[in-house]
Amino acid sequence: MLVLCVIVAIDMAADTGRIWLPLLATGPALAAATSRPRGVLGVGALAVLLGTSIAFRHDMALAHLSVVLAALVTVTLAGTLTSALRARRERVLAAVRSVAETAQHALLQPVPETVGPFQAAVRYSAAAAAAEARIGGDLYALVATPYGVRMIVGDVRGKGLPAVGTAALVLGVFREAAYDEPDLLDVVGRIERSLARNLGGDDFVTAVVAGCPEPGRLEVVNCGHAPPLLIRGTEVTAVEPVHPTPPLGLRALSEEAPRLQVVPFDDGNQLLLYTDGVTEARDADRAFYPLTEGVTRHLCDEPARTLAALHEDLLAHVGGRLHDDAALLLLRRPAAAQAGESAGAPPVADVDGAAAA
């Protein structure tokens, strides 16, 4: 509409509108990118009407007018068809996205403030750089089992429905194995065997699997994932794997088997698990987000408040728009929790989730 108004204004002000007459076709062409078919036809009809009026105002030859009108009609019809096809693709995309988001939400569940004897919180931030990124492959799960609280945070290679399907597979196997297997390494082994049967040769999942089987003891198995952060007071330490292990699904390509790493986890200690969408978030100067410094600045005794402040800090670092999904899981052992904890305590909560983008 703006293009049509400009051409009419030029014709009325400078008496040279007929030179710009062919540009009237720009109106319906641009309308095809934003309007429905009816809107494109309306703009095209207006362009034909204005073109005819300008042509008669300047006594344009009938042959020249016929060519201009033919061009306007052709562009209008082509734009109408383009608009109809675009609207159809948008409906299909919306339906597919709805299915993917429904699958994602079915896996995501709210995390209670207490899981077993621990305080817990989860924060997930979807990428906003592109529509396709709304469905990602970040996953997390937190369960209270007869063998203590167990958790997993991971990242599936790729995005979209295949990534959501792989995340669902990992979480399903983890939930079953976490209840059935006394040994945390056997839990990881069951996930690995399931992925080996179902994943393609180029697919894999990086993950950290952790558990607290008894008071003061934290077990960690890192499969190619970013090291979790262990927080003791104001000291933040990365739990680097002593023996690096390939991601889940790639064990057949390496002779390295997962190793169990045991670290103390006393009253008041906290454990932060996260995905690479946090540590690889960049600011305008392409600097990575300093997660350790952020945790130190915003640490408190309430995991939910800590993650909320950390999330705001992360968004401020990237300018408000994340370019990859980011998941954070924080577990804290309250100072008064040890007396009520036992290795054979019945399950108190069952929380799991996955994100896709």
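## Basis of the description

Because the model is predicted, local features need pLDDT of at least 70 and side-chain atom pairs count only at pLDDT 80 or more, whereas totals for chains, interfaces and linings use all residues. Residues are numbered from 1 along each chain as its sequence is written, and side-chain values use heavy atoms, with hydrogens and water left out.

Two strands pair if DSSP finds at least two bridges between them. Strand β2 (residues 118-125) pairs with β11 in the antiparallel sense over 7 bridges, while strand β10 (residues 270-274) runs antiparallel to β11 and is joined to it by 5 bridges. L328 of β11 is the bridge partner of R123 and also of Y274.

## The aromatic pair

The structure holds 1 aromatic pair, a term for rings of Phe, Tyr and Trp (its six-membered ring) whose centres lie within 6.5 Å, with planes under 30 degrees apart counted as stacked, over 60 as edge-to-face and the rest as tilted. The pair is formed by F118 and F265 and is tilted, at 6.2 Å centre to centre and 40° between the planes. Since F118 lies in strand β2 and F265 in strand β9 (residues 261-265), the pair ties together parts that are 147 residues apart in sequence. F118 is buried, with a relative accessible area of 1%, and F265 counts as buried at 1% relative accessibility.

## Around helix α5

L161 lies in helix α5 (residues 160-180) and, at 39% relative accessibility, counts as partly exposed. K159, in the loop between β4 (148-156) and α5, is partly exposed with a relative accessible area of 37%. The C-alpha atoms of K159 and D138 are separated by 9.1 Å, although these residues are 21 apart along the chain.

## A nonpolar surface patch

V92, V96, V99 and L161 form a nonpolar patch on the surface, with about 330 Å² of accessible area together. Patches are made of residues with over 30% relative accessible area and no salt bridge, where like charges are joined within 9 Å and nonpolar side chains (Val, Leu, Ile, Met, Phe, Trp, Tyr) within 5 Å; a salt bridge is a side-chain nitrogen of Lys or Arg within 4 Å of a carboxyl oxygen of Asp or Glu, and accessible areas come from the Shrake-Rupley method with a 1.4 Å probe, where for residues only the protein chains shown count as cover. The largest share of the patch, 3 residues, comes from helix α4 (residues 62-107).

Key
Helices (H or I, at least four residues) and strands (E, at least two) are DSSP runs, numbered from the N terminus. Buried means under 20% relative accessible area, exposed over 50%, partly exposed in between (1.4 Å probe, protein chains only).
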